[in-house]
Amino acid sequence: MTTPESLSLAQARRITLAAQGFTDPPPAGVATRRHLRRVLDRVGLIQIDSVNVLQRAHYLPLYSRLGPYPTALLDAAAYRRPRDLFEYWGHEASLVPVALQPALRWRMARARSQAWGSMRRVAEEQPDLVAWVRDEVAARGPVTAAELEQDVDRESGNWGWNWSAAKRALEFLFWSGEVTAAERTTSFARRYALSERVLPAAVLDAPTPTDAEAYRTLVSVAARSLGVAAEPELRDYFRLPLAAARTAIAELTEAGELVPVTVSGWRQPAWLHARARLPRWVRGNCLVSPFDPLVWERGRTQRLFDFSYRIEIYVPAPKRLYGYYVLPFLQGDRFTARVDLKADRKSRVLLVPAAWQEPGVDPGETAVALAAELYRLAGWLGLDAVAPPAAGDLAAPLAAALRSVVGVP
């Protein structure tokens, strides 16, 4: 695209959605490793979260972009050789492309100063425990934290250790990059192993970049994945230090990879990635996870889509506005609705506690599109039915649309 000096809000939305992979054609058949790598190239990394009220968070961004796909595809990329991904602190707990491991070594090297306080304290106050945990992982890995707990109990009479301290030691080693997740159990617990036994040799042998080089790499990935962005979201993508991110942005701008632009309605300066695409339109309908990189930075979501969004899991039920686990519904280049969802796996039903429409949308049109997407999602989750919504201002149109999909009068 010809590099503009200014963008309308609609242009910025389309650029963002293209950069995030929402304009890529879906697989013609079953998704393959090639399709997965295309999504990873778009989003840069995938956030992990333990909430499983609907589906594990890391599976959903691929679903939003590929449609129904075999989740074993992502499991294999993360936990089987040849690995495309490894677990580490990227945005939050994340699945990160293995090629980015060298660019995150600065964070690993600063574990003693930047890891959470409880991790730092155990490293400072109980170095023997940290060494013992590392030795146990080396001797027995892959091993879960619970399996280590049994040995901590056996050793506690000699060392005065306790399980919580051992867990913090294990997490310190994870932060420092000495151990990583070799796989996950069926209950989603990590099985830890030494990183040198998990990561590809080519990654381990890659030279460690300078801090400045690493920051430029990570800001570059963020900028490519966002398309057009202001400083807060470029920094937030990999949770980078403020001064370091600003320097990297300036250096990438000087190199021509980032181009300063103004976006209508944005107060902050913005940068356009030099290879960003501006599609004429964005088609398709999809649900977006609360942990999707498209909506990570809530201020950006508000500026870009005029969509005020937060996850209300930790909000007391009487104070929730929309529901416990609410997914935005993307129609074209706009969020037109939001829907609270829960998978009732025992009854094999997708529950819809509430459905809400956004201002200015056609509720009938949105309900029809959302109903089709809910049935598609239910099928991917292995559920047989979609329950009518229990609450929300889109509940009645959506209930009618759901009935029409299955031919119920």
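**Domains and strands: questions and answers**

Visitor: In the hairpin of β6 and β7, which residue takes a positive phi?
Guide: The model is a predicted one. The hairpin of β6 and β7 has five residues between the strands. With a positive phi near 75°, the residue in question is Phe188.

Visitor: How many bridges pair strand β6 with strand β7?
Guide: Strand β6 covers residues 179-184, and strand β7 covers residues 190-194.

Visitor: In β10, which residue is the bridge partner of Ala230?
Guide: Strand β10 spans residues 270-273 and runs antiparallel to β8. Three bridges join these two strands. The partner of Ala230 in β10 is Ala270.

Visitor: How far apart are the C-alpha centres of domain 1 and domain 2?
Guide: The domain assignment gives domain 1 as 6-101 + 207-273 and domain 2 as 115-199. It also gives a domain 3, at 310-404. Between the C-alpha centres of domain 1 and domain 2 the distance is 30 Å.

Visitor: How many residues does domain 2 bring to the contact with domain 1?
Guide: Both domains take part in the contact. Domain 1 supplies 16 residues. From domain 2 the number is 14.

Visitor: What area is buried between domain 1 and domain 2?
Guide: The size of an interface is often given as the accessible area lost when the parts come together. Here carbon and sulfur atoms give 58% of the buried area. The whole area buried between domain 1 and domain 2 is about 1400 Å².

Visitor: Which residue meets Glu87 in a salt bridge?
Guide: The count between domain 1 and domain 2 is three salt bridges. Glu87 uses its side chain for a salt bridge, at 2.9 Å from N to O. The side chain on the other end is that of Arg184.

Visitor: Which strand gives the most to the side of domain 1 that touches domain 2?
Guide: Seven residue pairs are in polar contact across this interface. The strand in question covers residues 85-89 and gives four residues to that side of domain 1. By class, that side has seven nonpolar, three polar and six charged residues. The strand that gives the most is β3.

Key:
Residues numbered from 1 in each chain as written. Predicted model: local features only at pLDDT ≥ 70, side-chain atom pairs only at ≥ 80, totals over all residues. Heavy atoms only, no water. Domains from an automatic or database assignment. Contact = heavy atoms within 4.5 Å. Buried area = accessible area lost by both parts, 1.4 Å probe. Salt bridge = Lys/Arg side-chain N within 4 Å of Asp/Glu carboxyl O. Polar contact = N/O pair within 3.5 Å; in protein donor to acceptor, adjacent residues only side chain to side chain. Nonpolar A, V, L, I, M, F, W, Y, C, P; charged D, E, K, R; others polar. Pairing = 2+ DSSP bridges.
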